[in-house]
Amino acid sequence: MPVLIAVVTLVGALCTLNLVLTLGVVKRLREHTEMLGSVQGGPVRLEVGQEVGEFHTSTTLGEPLMRDLLSGPVLFGFFSPTCEPCQDKLPRFVAYARHEPGGRSSVIATVVGDADAAAGFVAELSRVAHVVVEDPDGAMGTALGIRAFPSVLRAEREADGRLVVVDDDVALGSPTSLTA
């Protein structure tokens with residue numbers, strides 16, 4: 001009988017310790033969630049109806065690229081070579097962009113990262129888009145408020161001439177559904 005009491009007491013002590021440690025982990029997770037929320041804060045890209053900010057950059061071919069030079073609807077794609085979902089989404093973006101009504105002139109793809117690492121992305125995207133390679137705090141990403149990859153947006157000119165986002169999460173369908 002004394003052995004049974006000792007075992008039950010030990011199990012009770014272990015359960016109490018487990019409860020205290022679990023509560024400590026939950027408290028710490030809440031603190032980290034708050035810290036991450038304050039660092040990331042806000043949306044990961046411009047939302048529908050928001051105006052695209054000013055930008056002045058050049059494409060990988062040396063063509064000047066400015067907000068004021070864009071006229072009709074524009075499809076913007078943002079990718080990073082270090083992002084695995086970007087590698088999965090890139091072929092769908094290329095297939096989708098191939099069917100854009102304005103062709104290559106209405107598609108701008110931005111690859112964020114080192115130029116050497118971005119070479120594969122640039123080669124794929126250059127066939128269907130004007131391509132920009134920039135740092136994480138580059139002109140294109142800043143103008144469209146991009147903080148997550150991959151991001152695909154569509155912007156159009158309003159009647160007052162402002163370039164605003166009309167779709168902040170373009171669904172990239174299969175090429176066969178695009179031609180129908």
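Reader: What share of the 180 residues of the protein chain counts as buried?

Author: In this predicted model, 34% of the 180 residues count as buried.

Reader: Why is Cys83 called buried?

Author: Cys83 has a relative accessibility of 11%. Buried means under 20%, so Cys83 counts as buried.

Reader: Is Cys15 buried, exposed or partly exposed, and what makes it so?

Author: The relative accessibility of Cys15 is 48%. The class between buried, under 20%, and exposed, over 50%, is partly exposed, therefore Cys15 counts as partly exposed.

Reader: Why is Ala139 called partly exposed?

Author: Its relative accessible area is 28%. Because that class lies between under 20% and over 50%, Ala139 is partly exposed.

Reader: Where is Ala139 found, and which residues is Ala139 in contact with, leaving aside neighbours within four places in sequence?

Author: Ala139 belongs to helix α4, which covers residues 139–143. With those neighbours left aside, its contacts are Phe55, His56, Thr57 and Glu134. A contact requires heavy atoms within 4.5 Å. As for Ser58, 81 residues away along the chain, its C-alpha atom is separated from that of Ala139 by 9.9 Å.

Reader: How many disulfides does the structure hold?

Author: The structure holds zero disulfides. To count, a pair of cysteine sulfur atoms has to be within 2.5 Å.

Reader: How much of the accessible surface of the protein chain belongs to carbon and sulfur atoms?

Author: Carbon and sulfur atoms hold 61% of about 10500 Å².

Notes. Residues are numbered from 1 along each chain as its sequence is written. This is a predicted model: local features need pLDDT of at least 70, side-chain atom pairs count only at pLDDT 80 or more; totals for chains, interfaces and linings use all residues. Side-chain values use heavy atoms; hydrogens and water are left out. Buried means under 20% relative accessible area, exposed over 50%, partly exposed in between (1.4 Å probe, protein chains only). Accessible areas come from the Shrake-Rupley method with a 1.4 Å probe; for residues, only the protein chains shown count as cover. Helices (H or I, at least four residues) and strands (E, at least two) are DSSP runs, numbered from the N terminus.
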